[in-house]
Amino acid sequence: MFGYILRRLVSTIPVMFIVALIVFLMLRLTPSDPAAIIAGDNADAQQVEMIRQQLGLDKPIFVQLFVWLKSILSGDLGESFFFKKTVTSLIADRIEPTLALAAFTLVIAVSVAVPLGVFAAMRRGSLLDRLVMGFSVMGFSVPAFVIGYALIYIFAIKLQWLPVQGYSRIANGIEPWVRSLVLPSLTLAVIYIALIARMTRTSLLEVLGEDYIRTAYSRGLTPLQVLTRHALPNAAVPIVTVIGLGVALLIGGVVVTESVFAIPGIGRLTVDAVLARDYPTIQAIILLFSFVYVMINLIIDVSYTLLDPRIRY
Amino acid sequence: MRFRKFALATALGAVVAAAPLATAPASAETVLKAVMHSDVKIIDPIWTTAYISRNVGYMIYDTLFALDAKNDVKPQMVDKVDISADKLTYTMTLRDGLLWHDGQPVTSEDCVQSLKRWSAKDSLGQKIFTGFISEISAPDAKTIVIKLKEPTGLLLFALGKPSSNVPFMMPKRIAETDPGKQISEFIGSGPFVLKRDEWKPGDKIVFTKFDKYKPRSEPASAFAGGKVVKVDRVEWLAIADAQQAVNALSAGEIDYMEQPPHDLLPLIKADANLKTFVSSATGQFTMRPNSLVPPLNNPKIKQALWYALNQEDFLKATVGNAEYYKVCKSYFPCGTPFSTTAGMDGLLTGNAKKAQELLKEAGYDGTPIVLMASTDLPILTNLGPVAKQLMERAGFKVDMQSMDWQTLVARRNKKDPANAGGWNAFNTAWVSADILNPVLTAYMNAACDKALFGWPCDEKLEKLRNDFMKAPDLEAQKKIATEAQVEAIAYTTHIPLGEYSVPVAMRKNIDGVIDAAAPVFWNITKK
């Protein structure tokens with residue numbers, strides 16, 4: 001197992017290098033000019049050129065690539081073109097809201113979706129099963145911003161229970177922190193509830209048809225005992241896979257929700273950086289996301305061995 | 001049954017658990033929370049011409065001179081200015097008691113260095129410094145002496161230039177920063193202090209009242225007069241979604257919104273807790289043709305544009321509500337000193353027939369006009385389709401290429417032929433403070449390669465702009481400005497497509513908003 005993990009960790013190096021190379025080249029090949037954006041509308045060609053030189057964008061593309069790779073290898077992700085701050089500090093500032101949002105969403109999604117999926121599977125064909133499946137289709141289909149606006153209208157504007165927007169850092173107190181996370185987390189959770197509930201139901205239905213489940217019932221076990229001791233552990237692998245990928249998607253995919261709720265997280269930083277063509281920030285964020293994806297995949301793979309003793313690496 | 005209860009409890013739990021929690025007011029400090037047109041990414045207002053950086057500049061820096069509500073130049077940090085009889089020597093004395101935010105006194109050396117850095121970046125500053133100023137010195141801590149090679153009526157206007165780049169004053173050690181590099185210390189002598197430790201790009205930027213700021217005794221008038229701060233703290237929150245900003249305003253989470261989109265104004269008007277303020281400063285929609293590449297390098301084909309287009313169509317499509325737009329056939333904002341309709345007879349009337357005749361006379365061969373249309377800035381989005389339709393009606397073949405604004409910004413600097421990655425025309429908007437006269441109006445710069453993208457090349461127009469700088473008084477300036485407009489129309493440096501205003505939205509407990517061409521936060525009260 002240790003050897004497997006080590007091999008996987010080593011294999012992330014070429015993966016990250018290829019990602020870095022693709023990101024760098026794609027950004028340089030897109031029609032954009034950060035210097036012109038920084039200079040603003042009133043700037044003349046001389047001003048734009050002055051900024052371009054200062055940012056090093058006047059150098060040949062492979063020189064720029066070499067300089068960037070060299071700085072990455074020394075642990076320096078560079079300085080944002082715009083913010084006069086290091087990219088590392090920008091990301092560090094934004095990581096808390098994104099992680100908090102992802103964690104809240106995951107807790108809500110798993111605690112709602114798994115019971116819903118289990119219930120739908122146990123009561124296959126019932127009204128609730130159909131409702132759960134109907135909700136799943138809706139959850140997949142309705143865009144996050146629609147759900148977000150609806151929740152804001154009801155809970156923030158009409159009932160005035162929760163804030164319309166913004167994020168209160170945990171250092172400012174637990175209560176405002178929780179209040180600022182409820183609506184965005186619920187918004188994000190809908191799609192994950194739909195996804196996980198559906199996967200739980202499908203996976204469980206498959207297991208519930210197995211011979212050993214019938215055997216378990218014949219031994220006199222209660223439905224709850226059968227579910228918890230035999231069915232759920234055997235149905236867990238695909239569910240954990242979906243949840244794990246959900247975490248990765250949440251880390252990188254909260255762009256719309258963060259924008260709608262004005263949460264200063266990584267998603268917003270990504271959008272701002274892309275719109276402003278802030279190359280160092282975009283490159284660093286994509287590298288970070290790629291690393292998170294690779295690590296989560298590794299964790300999922302390792303977790304399989306815990307859930308299913310038959311799986312060995 | 002147990003599953004059902006569990007599911008319901010979990011789904012509603014998060015909302016219900018958080019619902020009854022109430023937030024207590026933090027302190028008696030008066031905090032004004034605002035949402036501006038953009039998040040603040042760059043603070044150095046000399047390094048960039050971005051309007052949001054200029055707006056930050058007005059918070060933390062001060063200027064030697066400033067324009068009042070009538071666009072007259074008034075002393076601001078300067079107490080008095082003596083102009084020699086030959087109008088070649090300006091002796092300025094700083095006001096008593098001016099301090100930087102670090103407590104050090106403002107000196108004339110600081111101001112001289114600040115002007116030098118500004119003039120290295122700003123086009124008007126460059127013209128004044130390289131064309132007119134022979135010497136600038138600080139003979140003592142409170143006196144600035146500027147000696148000219150020849151008289152210009154624009155020196156004080158330049159020192160009070162209202163929009164980017166504004167000649168903001170900074171301490172000497174900061175102003176000595178290479179103009180090509182961003183400053184990293186943000187200390188001004190303006191009415192607000194930047195809370196650097198609370199600046200979180202993408203989240204908020206915070207300013208606090210500078211207690212030691214010494215306002216002028218005159219009442220506030222645009223950028224001039226007494227900058228009396230009446231709140232303790234101003235926070236600009238980054239809310240990118242306009243609908244959410246309006247929701248936050250409605251819920252009382254923010255107090256002020258700089259530029260609510262026109263289509264959201266009915267929501268604001270319907271809310272009894274909100275009000276709007278319409279500034280007399282306007283914006284001007286503009287079409288910029290590329291005078292360098294075919295077919296719009298042909299003056300006659302460009303002339304056809306003047307007949308093909310009409311302002312009303314653009315204004316209806318972009319603004320919609322006539323309360324917030326006006327037809328204004330002038331390069332200079334209507335209602336300002338140099339506004340004139342000279343040279344505009346019969347133009348901008350949507351006369352497709354006349355445009356067709358001109359195209360025929362010009363031998364237009366149907367080469368497509370590459371029209372760059374930005375799609376991500378709501379105020380500009382509809383300009384492209386309207387231009388396309390009006391041009392096609394007049395016989396132009398139009399290849400409208402939609403893109404985000406930043407791509408357009410990059411592409412407009414390309415001099416390549418339109419079918420090889422270049423362009424022929426695009427639409428944009430200017431704020432009135434940037435187009436008050438022919439020298440300030442960047443699109444009237446017709447200095448060929450040294451002009452802005454579009455690269456108009458017209459010796460006569462350049463001579464008129466230089467004459468404008470030498471004009472001794474307002475009457476002479478008006479005459480030259482009118483001639484410059486007529487010449488610029490004949491050449492077609494650009495085409496004005498009408499004026500619009502975007503009101504400020506605020507809660508009803510906010511008062512004292514100053515009518516200026518950029519948002520300023522002194523004089524504002526929050527009850």
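## A helix pair in chain B

Helix α15 (residues 459-470) of chain B packs against helix α16 (residues 474-491) of chain B at an angle of about 160°, their axes lying 9 Å apart; helices here are DSSP runs of H or I of at least four residues, and strands are runs of E of at least two, numbered from the N terminus, while axes are lines fitted to C-alpha atoms, for helices over the stretch in contact, with angles from 0 to 180 degrees between N-to-C directions. That angle makes α15(B) roughly antiparallel to α16(B), a term that applies to angles over 145 degrees. The crossing of the two is left-handed, meaning that the near helix is turned anticlockwise from the far one by less than a right angle.

Among the residues of α15(B) that meet α16(B) are Leu461(B), Leu464(B) and Phe468(B), and the residues that α16(B) brings to the contact include Ile480(B), Ala484(B) and Tyr491(B); contact requires C-beta atoms, placed from the backbone, to lie within 7 Å.

## Basis of the description

This is a predicted model, in which local features need pLDDT of at least 70 and side-chain atom pairs count only at pLDDT 80 or more, whereas totals for chains, interfaces and linings use all residues. Residues are numbered from 1 along each chain as its sequence is written, and chains are lettered from A and ligands numbered from 1 in the order in which they are written.

## Strand pairing in chain B

An open sheet of six strands in chain B runs in the order β14-β18-β13-β17-β15-β16 with mixed pairing, where two strands pair if DSSP finds at least two bridges between them. Because β14 (325-326) and β16 (398-403) of chain B stand at the edges with a single partner strand each, one side of each is left without a neighbour in the sheet. Helix α10 (residues 311-318) of chain B packs on this sheet, touching β13 (283-289), β14 and β18 (495-500) of chain B, and its direction makes about 45° with that of β18(B).

Elsewhere, strand β19 (residues 504-507) of chain B pairs in the antiparallel sense with strand β11 (residues 256-257) of chain B over two bridges, and also with strand β12 (residues 274-277) of chain B, antiparallel over four bridges. Within β19(B), Met506(B) is the bridge partner of Tyr256(B), and Val504(B) that of Phe277(B).

Between the chains, 48 residues of chain B are in contact with 59 residues of chain A. On the side of chain B that touches chain A, α1(B) gives the most, with nine residues.

Definitions and conventions. Angles under 35 degrees count as roughly parallel, over 145 as roughly antiparallel, 65 to 115 as roughly perpendicular and the rest as oblique. Two residues are in contact if their C-beta atoms, placed from the backbone, lie within 7 Å.
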